[in-house]
Amino acid sequence: MTTKIDSKNLHTKQHNSALDLIPAIAAPKGDPHSYCFGAGDVKWVDAMHRERQPGPSMRVNDLKLHYPKAGVSTIAVHAGTYDDPMTGAVGTPIYQSSTFILGEDQYQAVEQGYARDRFIYTRYGNPSQWALQEKMAALEKTESAIVFSSGMAAISTTVLSMLDKGAHLIASNELYGGTYNFFHHELPSLGFSVSYVNPRDMAAIAAAIRPETMLLYFETLTNPLLKVVDIPALGKLAREHQLRLVIDATFTTPIAMNAIEYGAHVVVHSATKYLNGHSDLVAGVAVGARKYIDAIWPRLLAYGGCLDPHACFLFERGLKTLALRMKAHEDGAFQVAQFLENHPRTRQVFYPGLSSHPDHDLASHLFKNMGGMVSFAVGSDQAALQLLQNLRLMRQATSLGGVESLVSLPFNTSHAAYTADQRAQLGIAPGCVRLSIGIEDPQDLIADLAQALDRLPI
């Protein structure tokens, strides 16, 4: 039985429990932009009489209402930020509370199935989370977002929310290691199957589709060779075969592109990287149409990967400078890549902003910002190890996207589990070095690389 609810800013008609939002997506295929309720229920969300605002949100006056054409820096600063009426604080306060006072409105929200739109318990939602989520949704030009305690929490919860028992998914064969481990070890034990394909081969991706295929999962850029994935082509394939498309946009950020505009249903990020940008936070986020995020939210409750209020404060603070930082990352990376391309000790340089990059034309079409990742080879793994010892400014560390420049070697970090032959099959040459260019002065980074390269044995 359904009930019409009219309470404050929420107008919805839906099932009685928040847990009814858990989808059983493998019902007979219908509109690829919707999911169905409950095992055996073949109704899709788009066929239901259900209206709700994007969000959830605490704002009375939406930025889009007054400034519908606001630029990305304005959105990054102002969208979602909550102006506390009691104190007049210009930044969103940290709501360091695990629970909230209950009243008739909250009880009704639980009973009628819209608990996500009320403050009840921080695992369900917190004002610090809501402000951050609204900012992320605005940056990705979509309706809703949900934040997690890590990028892997965002990835695993999102993927499991998009699959039903026995489902098959297709993924890139050049995935982030944590994602690959989840797909390769965890999903089969839960009854799912995965096919791995070249992310640049649309024919191979199409050929991998089975009757039980439900999801395509790809990253905007591969690691470490920065191959550009044709997101519009993936979106077209998903529409044609009524599949869901989840895109990991960690390497590109909303400043470079909005994958949802090209047909992605959900976009995930490891906010640990560029979104926060200061190497002091572990977090994740998923964004998309509200119906998809509403399907993910109950799984967040069940798996428990919510983001605490103080981490939300750090995340939102980092987002406010995202556009400025990404410009600095791009400027520095381009200059460093040009220097490396012309240095006699380097053999290959990969940066999508270089005309020599195999995917430069596609990157120029898709990306408004080429990012700060650069990879190159120095001939042997031993030479690469010596290079790292020679560097004085760049730091040896895993991760990426921080204000400081980091350097790592795929053979002993991200691709340590691969054999040399397997790395060669992926195109990762011996001596491959990955740089995450920070926001330092590019000439200082170039000077550091120059002295380090010049000290390598000939």
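Author: Helix α4 passes helix α11 in a left-handed crossing. The model is a predicted one, in which local features need pLDDT of at least 70 and side-chain atom pairs count only at pLDDT 80 or more, while totals for chains, interfaces and linings use all residues. Residues are numbered from 1 along each chain as its sequence is written, and side-chain values use heavy atoms, with hydrogens and water left out.

Reader: What makes a crossing left-handed or right-handed?

Author: A crossing is left-handed if the near helix is turned anticlockwise from the far one by less than a right angle, and right-handed if it is turned clockwise. The crossing of α4 and α11 is left-handed, whereas that of α12 and α16 is right-handed.

Reader: What counts as a helix or a strand here, and how many of each are there?

Author: Both are DSSP runs, numbered from the N terminus: helices are H or I over at least four residues, and strands are E over at least two. The protein chain comes to 16 helices and 14 strands.

Reader: How are α4 and α11 placed relative to each other, and why?

Author: Helix α4 (residues 127-139) and helix α11 (residues 309-319) pack at an angle of about 30°, with their axes 9 Å apart. Axes are lines fitted to C-alpha atoms, for helices over the stretch in contact, and angles run from 0 to 180 degrees between N-to-C directions. Angles under 35 degrees count as roughly parallel, over 145 as roughly antiparallel, 65 to 115 as roughly perpendicular and the rest as oblique. The two helices are therefore roughly parallel to each other.

Reader: Which residues of α4 and α11 meet?

Author: Contact means heavy atoms within 4.5 Å. On the α4 side the residues include Leu 132, Met 136 and Leu 139; on the α11 side they include Cys 312, Phe 315 and Leu 319.

Reader: How do you know the direction of α12 relative to α16?

Author: Their axes come within 9 Å and cross at roughly 30°. That makes α12 roughly parallel to α16. Among the residues that meet are Val 336 and Phe 339 in α12, and Ile 446 and Leu 449 in α16.

Reader: Why is Leu 163 called buried?

Author: Buried means under 20% relative accessible area, exposed over 50%, and partly exposed in between (1.4 Å probe, protein chains only). Leu 163 has 2%, which makes Leu 163 buried. Its place is in the loop between α5 (151-161) and β4. The C-alpha atoms of Leu 163 and Leu 215 are 52 residues apart along the chain and separated by 7.4 Å.

Reader: What makes β3 and β9 a pair?

Author: Two strands pair if DSSP finds at least two bridges between them. β3 and strand β9 (residues 284-288) have five bridges and run in the antiparallel sense. Ser 144 stands opposite Gly 288 in β9.

Reader: What sheet do they belong to?

Author: Seven strands form an open sheet, in the order β3-β9-β8-β7-β6-β4-β5, with mixed pairing. β3 (144-148) and β5 (193-197) stand at the edges with a single partner strand each, so one side of each is left without a neighbour in the sheet. One of the pairs is β6 (residues 213-219) with β7 (residues 244-248), parallel over five bridges.

Reader: What makes β3 largely enclosed?

Author: Five of the five residues of β3 are buried, so β3 is largely enclosed by the rest of the structure. Ser 144, Ile 146 and Phe 148 are on one side, with Ala 145 and Val 147 on the other.

Reader: Which strands are the edge strands of the five-stranded sheet?

Author: That open sheet has the order β10-β11-β14-β13-β12, with mixed pairing. Its edge strands are β10 (348-350) and β12 (395-396), each of which pairs on one side only. α12 packs on the sheet, touching β10, β11 and β14.
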